[in-house]
Amino acid sequence: MPELPEVETIKRTLTPCLREQKIARVEVYHPGVIAAPDPETFSRLLAGRIITGLDRRGKYLLVHLSGEYCLVVHLRMTGRLVFTEGAAPLAPHTHVVFSLAGGPSLRFVDTRRFGCLYLAAKTEVETLPGLRDLGPEPLDPAFDALALAAILAGRRRPIKQVLLDQRLVAGIGNIYADEMLFAAGIDPRRPAASLNHEEVERLRGAMQRVLEQGIANRGTSIRDYVDGSGRQGSNQEHLQVYGRTGRPCPRCGQPLERVRLGGRSTHFCPRCQV
């Protein structure tokens, strides 16, 4: 699933292509990916609007439009949003095409059709399902060690599960949670409330470094992810523990292990992470 660095990369690659572009028409090939309003109203309301800018909130991409509307895109597991020049053939599993004035298009492609799109008034965006319950942004300057400590306080769930809870911290998924905890030297199975002040400080710094590295490397492409230009990221070449079960720890050489926490595969070093 695209996580914070991937959605941020998509936002950054699409912004210069889409800003001030006019949506000429919208073709919906699979109505099931339109969460709201109904597909006919969705297409009608979008036609003729100007794209004024893009933002990100957690794992959601926000496309701001003239007339105080906002297109909200949640890519979920296999969704792609790609800017395409000219009349290139449609890729398999293309479900929505936003044709832009002058010939280019923005295409929503999703193999498994778990992704969804909403069109809403800007004043209603924060009330949409999923968005209304999001926790703070981990790269926000206000998200310091004190803010993280307040989230962890009293929580007995494993720290890995707390990091994945979008209601507590927005945008972190399985890959980056594993990498953060390795960078901080914290066992993913530990109760969140057991972290002391120094460990919280260390984790907060690791969260920032790992996310910023993911953005700098244009995201992690393991299966489906590509950026807004259709290019893969390179962060998979820099992963320390995720997907490396049985390989030597890059710090100590101990074989890396995998366990399941909350139904998710979790990768860690049994020696370095305590």
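## Sheet and helix packing

Helix H2 (residues 39-46) lies across S2, S4, strand S5 (69-74) and strand S9 (116-121), and runs at about 60 degrees to S9. This is a predicted model.

Five strands make up an open sheet of mixed pairing, in the order S2-S9-S5-S4-S3. Strand S2 (34-36) and strand S3 (51-57) stand at the edges; each has a single partner strand, so one side of each lacks a neighbour in the sheet. From one strand to the next, the twist averages 25 degrees. Strands of a sheet pair through backbone hydrogen bonds, either parallel or antiparallel. S3 and strand S4 (residues 60-65) take the antiparallel sense, over six bridges. Within this stretch, Leu 54 has Val 63 of S4 as its bridge partner.

Helix H1 (residues 4-18) also packs on the sheet, where it touches S3 and S4.

| Pair | Angle |
|---|---|
| H1 and S3 | about 170 degrees |
| H2 and S9 | about 60 degrees |
| H3 and H6 | roughly 110 degrees |

Next comes the contact between two helices. The axes of helix H3 (residues 145-152) and helix H6 (residues 197-216) come within 9 Å and cross at roughly 110 degrees. H3 is therefore roughly perpendicular to H6. The crossing is right-handed.

Which residues of H3 meet H6? They are Ala 145, Leu 148, Ala 149 and Leu 152. On the H6 side stand Val 200, Glu 201, Leu 203, Arg 204 and Met 207. The residues of this contact between H3 and H6 divide into seven nonpolar, two charged and no polar.

Technical notes. Residues numbered from 1 in each chain as written. Predicted model: local features only at pLDDT ≥ 70, side-chain atom pairs only at ≥ 80, totals over all residues. Heavy atoms only, no water. Pairing = 2+ DSSP bridges. Helix = DSSP H or I, 4+ residues; strand = E, 2+ residues; numbered from the N terminus. Axes fitted to C-alpha atoms, helices over the stretch in contact; angles between N-to-C directions. Contact = heavy atoms within 4.5 Å. Parallel < 35°, antiparallel > 145°, perpendicular 65-115°, else oblique. Left-handed = near helix turned anticlockwise from the far one by under 90°. Nonpolar A, V, L, I, M, F, W, Y, C, P; charged D, E, K, R; others polar.
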